[in-house]
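Dear colleague,

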Amino acid sequence: MEPRARILKVLQQTTGKEISPGADDSLFASGLLDSFALTDFVSGLEEEFGVTIPDSDLSARKFDSISKVDAYLAQKV
Amino acid sequence: MAFLRGFGSWLPPRRVNNQELAPLVDATPEWILEVSGIEERRYAADTDTVGGIGLLAAKDCLDKAGATAAELGMILVASGSSDRFCPGPASQIAAGLGLGSTAALDIPVSSAGSLIGLALASQLASAAGRVLVVGTEIMSRRVTLSPEGKSTAILFGDGAGAALVDAENGFARIADSCMYTDGASSETLFMRDGQFYMDGSAVILHASRKMPRAINELLARNQIAAADVEAFLLHQANLNLISRVAAAMKTPLERFFTNIDRYGNTSSASLLIAADEWRGGQSGALTGPLVFSAFGSGLNWGALLALPG
C-alpha cells in the first residue's frame, strides 16, 4: 500500500469516518482533526509506519495535511 | 524523609459560568463544556492580589495541618501570573504570615509550578524542616475576553492552593519524584506583555505524551502498578486531557480526582486546590499510593509519588 493510502487509513481509524480529503486539504480547518484527535493520529502513524515521532516534532503544522504527513514520514522511514 | 502533612486552598467567591462567558468570546456554553469539561470558574476581585489570595490558602493549609507559621523553615510559591515579577508573591506571603526572616522563594512556572514546589520541598525538608508550598494565580487578568482570546479565556480561572511538607510526619511519605524541562518547545505556552499565549494543539500533544511517561517512570521505578494507585491528582488543565492521561495509563477516569468543572484551569494553583479537596473528602488514612502530575510552561512537567505514611 502506498504511504498516502496508509496515512489515509490511519486518519480514517482516528476519525472513525470513511473520509478521503485531498492531499493538501487542511485536516484542522476541515474539522477532521482537533487537538485531541491529533494525539491519536500521531500515535496511529507511529504504529502504522513503525517510527517514533519525537516530542520535538509535535507541531500541528507538520500533520495538517496528508501531503505534509507524507513528506514528514518520508524523512523518518 | 519528607511527608505530606496537609493541604489548603482559597477560591474567590465570584463565579463565572459558561453562560456569562460564552457571548464574550463568540462561543456557546455547550461548546466550552465539550472542549474543556469546565462549567464555571472563579474570578478574583479587582482588589485581590496573587500574593494576597496565596496568603489565604497558606493560612488555610496551616490551620488544617495544625501548624503555625513560626514552624516553617521555608516557603516556595509557584505562580505564572504574579502581579509583579520581582519580587514575586513569595515575600508578600511570608510577610503576611508574620515571618521576617524565613526563606521565601518564587517559582515562576505556570501550571507545573506547584508540582515543582512539592518536588523541591521533598528534597529540602531534611534541612528546612517544614516547607510550605503555595500555588497562587489570578489568570483572569492574563486572558482576553474576546473572540481572539477564546482559546485561553474559556479555560482559566483564579485561585490558590497550598501544601505543607514536613520532614518528620504527615499522612503520606513522598517517596519519589521526577521533573523535566523541554525548553525547545517553550514557545507553545508563554506569557508576553502580561497576556498568556498557548498553542493548544501542540500543548495537548506534548502533555498527553509527557505526563503518562513521567507517571509510568515513577511507578516502574517503585514497582507499583497503576491499578494499585489510590488516587491520581493532576494539574486541572482540561478534562479531556485528564481523560487522555487516564486512557494512556489504562486506568478508569474515576481514579483521577477532578474539580475542573467548578474552577476551570487555575494554572499552578490547580494541583494543590485539587489535593485539598481530595484530602477533604477522605474519611480515613491513606491506604495506597498517591500520584501527582503536572505539565506547564517551560515546558516543564513531572510526577511525584507519595505512599501511606
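**Contact between the chains**

In this predicted model, 10 residues of chain A are in contact with 13 residues of chain B. On the side of chain A that touches chain B, 5 residues are nonpolar, 4 are polar and 1 is charged.

As to confidence, the model has an ipTM of 0.78 and a pTM of 0.93. The mean pLDDT of chain B is 96, with 100% of its residues at 70 or more.

**The helix pair of chain A**

In chain A, helix α1 (residues 3-15) packs with helix α2 (residues 35-49) at an angle of about 140°, and their axes are 9 Å apart. With that angle, α1(A) is oblique to α2(A); an angle would have to be over 145 degrees to count as roughly antiparallel. The two helices make a right-handed crossing. From α1(A), the contact involves A:Arg6, A:Val10, A:Leu11, A:Gln13, A:Thr14 and A:Thr15, and from α2(A) it involves A:Ala37, A:Asp40, A:Phe41, A:Gly44, A:Leu45 and A:Glu48. By type, the residues of this contact are 5 nonpolar, 4 polar and 3 charged.

**The sheet of chain B**

Chain B holds an open sheet of 10 strands with mixed pairing, in the order β5-β4-β6-β7-β1-β8-β14-β13-β11-β12. The edges are formed by β5 (103-107) and β12 (256-257) of chain B; each has a single partner strand, so one side of each has no neighbour in the sheet. Within the sheet, strand β8 (residues 172-181) of chain B runs antiparallel to strand β14 (residues 300-308) of chain B, and 9 bridges join them. In this pair, B:Ser177 of chain B stands opposite B:Leu304 in β14(B).

Helix α3 of chain B packs on the sheet, where it touches β1 (3-10), β4 (74-78), β6 (130-138) and β7 (158-166) of chain B. The direction of α3(B) makes about 135° with that of β1(B). Helix α10 (residues 270-280) of chain B lies across β1, β6, β7, β11 (231-234), β12 and β13 (290-296) of chain B. Relative to β7(B), α10(B) runs at about 70°.

**Helix pairs of chain B**

Besides packing on the sheet, helix α3 (residues 50-65) of chain B packs with helix α4 (residues 89-96) of chain B, at an angle of about 50° and with the axes 9 Å apart. The helices α3(B) and α4(B) are therefore oblique to each other, and their crossing is right-handed. On the α3(B) side the contact comprises B:Val50, B:Gly51, B:Gly54, B:Leu55 and B:Ala58, which meet B:Pro89, B:Gln92, B:Ile93 and B:Gly96 in α4(B). These residues divide into 5 nonpolar, 4 polar and no charged.

Helix α7 (residues 200-221) of chain B and helix α8 (residues 239-248) of chain B cross at roughly 40°, and their axes come within 9 Å. At that angle α7(B) and α8(B) are oblique to each other, and the crossing is right-handed. Here B:Ile204, B:Ala207, B:Ser208, B:Met211 and B:Pro212 in α7(B) meet B:Leu241, B:Arg244, B:Val245 and B:Ala248 in α8(B). The residues of the contact of α7(B) with α8(B) comprise 7 nonpolar, 1 polar and 1 charged.

Yours sincerely

Note on methods:
Residues are numbered from 1 along each chain as its sequence is written. Chains are lettered from A and ligands numbered from 1 in the order in which they are written. This is a predicted model: local features need pLDDT of at least 70, side-chain atom pairs count only at pLDDT 80 or more; totals for chains, interfaces and linings use all residues. Axes are lines fitted to C-alpha atoms, for helices over the stretch in contact, and angles run from 0 to 180 degrees between N-to-C directions. Helices (H or I, at least four residues) and strands (E, at least two) are DSSP runs, numbered from the N terminus. Angles under 35 degrees count as roughly parallel, over 145 as roughly antiparallel, 65 to 115 as roughly perpendicular and the rest as oblique. A crossing is left-handed if the near helix is turned anticlockwise from the far one by less than a right angle, and right-handed if clockwise. Two residues are in contact if their C-beta atoms, placed from the backbone, lie within 7 Å. Ala, Val, Leu, Ile, Met, Phe, Trp, Tyr, Cys and Pro count as nonpolar, Asp, Glu, Lys and Arg as charged, and the others, Gly among them, as polar. Two strands pair if DSSP finds at least two bridges between them. pLDDT is the predictor's confidence in each residue, from 0 to 100.
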